[in-house]
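Trainee: I am new to this structure. Could you show me how to read its features, one by one?
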Amino acid sequence: MTRAQPDQVAPERHLGGRAAWLRAAVLGANDGLISTASLMVGVAAADSSRSVILVAGIAGLTAGALSMAAGEYVSVSSQRDTERADLERERGELAADPDAEREELVQIYRARGLSEPLARQVADELSQADAIRVHAREELGFDVDALANPAQAAVVSASSFVVGAIVPILIVALASDTLRVPLTMLVTLAGLVTLGAVGARLGGAPQRRAAIRVLIGGALALAISLAIGRLTGAAI
Ligand SMILES: [Zn+2]
């Protein structure tokens with residue numbers, strides 16, 4: 001298996017590098033924006049007063065941020081446990097059979113295109129410096145200094161969710177009764193397109209396709225919430 005370059009590995013991994021951190025924040029803001037806006041548009045469609053819509057929005061913000069924090073904490077914790085177990089096993093293998101481990105490293109560099117003598121030289125010199133660090137990076141694919149951090153992941157996800165969720169809450173708090181729903185939908189879709197493009201850029205994906213996808217998804221979510229809010233408002 002060829003492994004990606006370190007700067008390409010970063011975005012798809014947990015909150016190690018700056019790009020991964022930013023990408024998690026963009027996703028959190030995206031979630032906060034679309035879920036809170038849909039919730040508030042749905043409640044507004046049932047002919048609710050401003051205060052009822054605001055209470056729904058703030059409850060949605062709180063519940064969403066807490067569930068993001070808990071979910072992220074749990075998932076990154078298990079990722080960190082896996083990383084630690086992998087490191088432990090790798091340490092054991094290095095202690096038990098250093099020659100086989102050295103050979104493994106040589107094969108990795110050979111597979112990447114280095115000649116046999118050069119692969120051997122690289123493996124030898126890097127192993128002398130810090131064998132476990134080299135094996136962690138080349139075989140396991142992570143930096144021993146940047147293990148997954150559950151608390152940081154939880155804080156980043158929850159706070160970016162709050163940033164996204166605050167947008168529709170502010171609009172409903174400030175806009176007139178007739179403008180609040182169309183304005184919420186408009187600003188939400190514009191925000192989603194922007195976040196989609198930024199997220200795609202950070203992940204190295206085509207920006208326009210990501211923006212269109214998120215625009216269609218967001219418009220659907222808002223339209224369905226609006227329709228269901230109107231139906232329930234009429235029925236109850
Ligand atoms: Zn190894």
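Mentor: Start with burial. A residue counts as buried if 20 or more other C-beta atoms lie within 10 Å of its own, and as exposed if 12 or fewer do. Keep in mind that this is a predicted model.

Trainee: Which residues of helix 3 are buried?

Mentor: Helix 3 covers residues 50-96. Its buried residues are Ile53, Ala56, Gly57, Gly60, Leu61, Gly64, Ala65, Met68, Ala69, Glu72 and Val76. Helix 3 has 47 residues and reaches 68 Å from its first C-alpha to its last, close to the expected 69 Å.

Trainee: What about Asp47, buried or exposed?

Mentor: Count its neighbours. Asp47 has 11 other C-beta atoms within 10 Å, so Asp47 is exposed. Asp47 sits in the loop between helix 2 and helix 3. Its phi is near 55 degrees, a positive value in a residue other than glycine.

Trainee: Where is the kink in helix 6?

Mentor: At Ile166, shortly before the proline Pro168. The kink is about 25 degrees. End to end, helix 6 (residues 150-174) still reaches 36 Å, close to the 36 Å expected.

Trainee: At what angle do helix 7 and helix 8 pack?

Mentor: At about 145 degrees, with axes 8 Å apart. The contact includes Leu189, Leu192 and Gly196 of helix 7, and Ala211, Leu215 and Gly218 of helix 8. By class, this contact has twelve nonpolar, five polar and two charged residues.

Trainee: And is the crossing of helix 7 and helix 8 left-handed or right-handed?

Mentor: Right-handed.

Methods
Residues are numbered from 1 along each chain as its sequence is written. This is a predicted model: local features need pLDDT of at least 70, side-chain atom pairs count only at pLDDT 80 or more; totals for chains, interfaces and linings use all residues. Helices (H or I, at least four residues) and strands (E, at least two) are DSSP runs, numbered from the N terminus. The expected span of a helix is 1.5 Å times one less than its number of residues. The bend at a residue is the angle between axes fitted to the seven residues ending there and the seven starting there. Axes are lines fitted to C-alpha atoms, for helices over the stretch in contact, and angles run from 0 to 180 degrees between N-to-C directions. A crossing is left-handed if the near helix is turned anticlockwise from the far one by less than a right angle, and right-handed if clockwise. Two residues are in contact if their C-beta atoms, placed from the backbone, lie within 7 Å. Ala, Val, Leu, Ile, Met, Phe, Trp, Tyr, Cys and Pro count as nonpolar, Asp, Glu, Lys and Arg as charged, and the others, Gly among them, as polar.
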